[in-house]
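Subject: Structure handover

Hello,

Here is the structure for you to look through. My notes follow below it.

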Amino acid sequence: MTPIVKTLCVVGLSWLAMSVQAKVATIRIGELARESDLILVAEVQRVEVKAGVKIARVRVIRFVKGEAECSITFVAEPTWRCDTSAAVPGERVLLYLAAAVDPQERTLNGKNVDAVQASCKREGTQLDVLSHSGRGRIPLSLNQGQWVAPVTRGDGRGPGLNLNLYIPRPVATGLTSPGHRAVPLAELIKRT
């Protein structure tokens, strides 16, 4: 191969690599439920750092799918660029969780999730990850005595709960006191 051909090949492969991007696919709430091991309504008690990884400790209010015989924590930081995993102390959330099973899993800042899982296991705590790269965390708020989740108009398939997660139509939404659209928690649970 001539130097010019080699250079063109390198430039071409570099351009191809830059144009290929990993993205999280859009998913319906029912699919999210099927791919989750646990679904629960919880309150985030605190966010802490364990073995260099942010984790959220939760108080379970209600199990919707599955059960746990010990305390539950989840990874509260991204494991890759399109991951939206996070938590806010004191927030009430509907969580869709999956077991943290990949021993090679690392956070975006390079910390080993396996070390955190081992530490949690020693203290009798279950470590999970938010399903669908963080989309399994739906913050809730109290509106006129009812727990609701904020929604956006979505992309035409139904209201959006967060980035890449939507509720298929038909779905009843209402207005919250500040004038935003929301869907009742009961409606979300019914669709899981």
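Which element gives the most to the lining of the largest pocket? Helix 3 does, with 3 residues.

First, the ground rules. This is a predicted model, so local features need pLDDT of at least 70 and side-chain atom pairs count only at pLDDT 80 or more, while totals for chains, interfaces and linings use all residues. Residues are numbered from 1 along each chain as its sequence is written, and side-chain values use heavy atoms, with hydrogens and water left out.

Confidence
The mean pLDDT (the predictor's confidence in each residue, from 0 to 100) is 86. Of the residues, 86% reach 70 or more. Over residues 5-21 the pLDDT stays under 50. For that stretch the model has 3 contacts (heavy atoms within 4.5 Å) beyond four places in sequence. Where pLDDT is low, predicted coordinates should not be read in detail.

The largest pocket
A pocket here is an open set of points on a 1 Å grid over the protein atoms alone, where a 1.4 Å probe fits, with protein on both sides within 12 Å along at least five of seven lines. Lining residues have an atom within 4 Å of a point. The space in the largest pocket is about 190 Å³, taken as that filled by probe spheres set on the points. Its lining has 20 residues. Nearest the centre are Thr79, Ala100, Glu105, Val129 and Leu130. Strand 5 (92-99), helix 3 (113-122) and strand 6 (125-130) each supply at least two lining residues. Helices (H or I, at least four residues) and strands (E, at least two) are DSSP runs, numbered from the N terminus. By type, the lining splits into 8 nonpolar, 7 polar and 5 charged residues.

Helix 3
Val113, Val116, Ser119 and Cys120 are buried in helix 3 (under 20% relative accessible area, with a 1.4 Å probe and protein chains only; exposed is over 50%, partly exposed in between). Seen down the helix 3 axis, the buried residues fall within an arc of 120°, so they line one face. The arc is that of the directions from the axis to the C-beta atoms. Lys121 and Arg122 are exposed on the other side of helix 3. The cover over the buried residues of helix 3 includes strand 2 (38-50), strand 3, strand 4 (71-75) and strand 6.

Strand 3
Valine 60 sits in strand 3 (residues 53-65) and is partly exposed at 29%. Beyond four places in sequence, valine 60 touches Leu40, Val41, Ala42 and Ile72. Arginine 62 is also in strand 3, partly exposed at 44%. Its contacts beyond four places are Ile39, Leu40, Val41 and Ile189.

Backbone points to check
Most residues other than glycine have a negative phi, and most peptide bonds are trans. Arginine 169 and proline 170 are joined by a cis peptide bond, omega about -5°. Proline 170 lies in the loop between strand 10 (165-166) and strand 11 (174-175). Glutamine 144 has a positive phi, near 50°. Its place is the loop between strand 7 (137-143) and strand 8 (146-150), and glutamine 144 is exposed at 73%. Asparagine 164 has a positive phi too, near 70°. Asparagine 164 is in the loop between strand 9 (160-162) and strand 10, buried at 18%.

Best wishes

Technical notes: Ala, Val, Leu, Ile, Met, Phe, Trp, Tyr, Cys and Pro count as nonpolar, Asp, Glu, Lys and Arg as charged, and the others, Gly among them, as polar.
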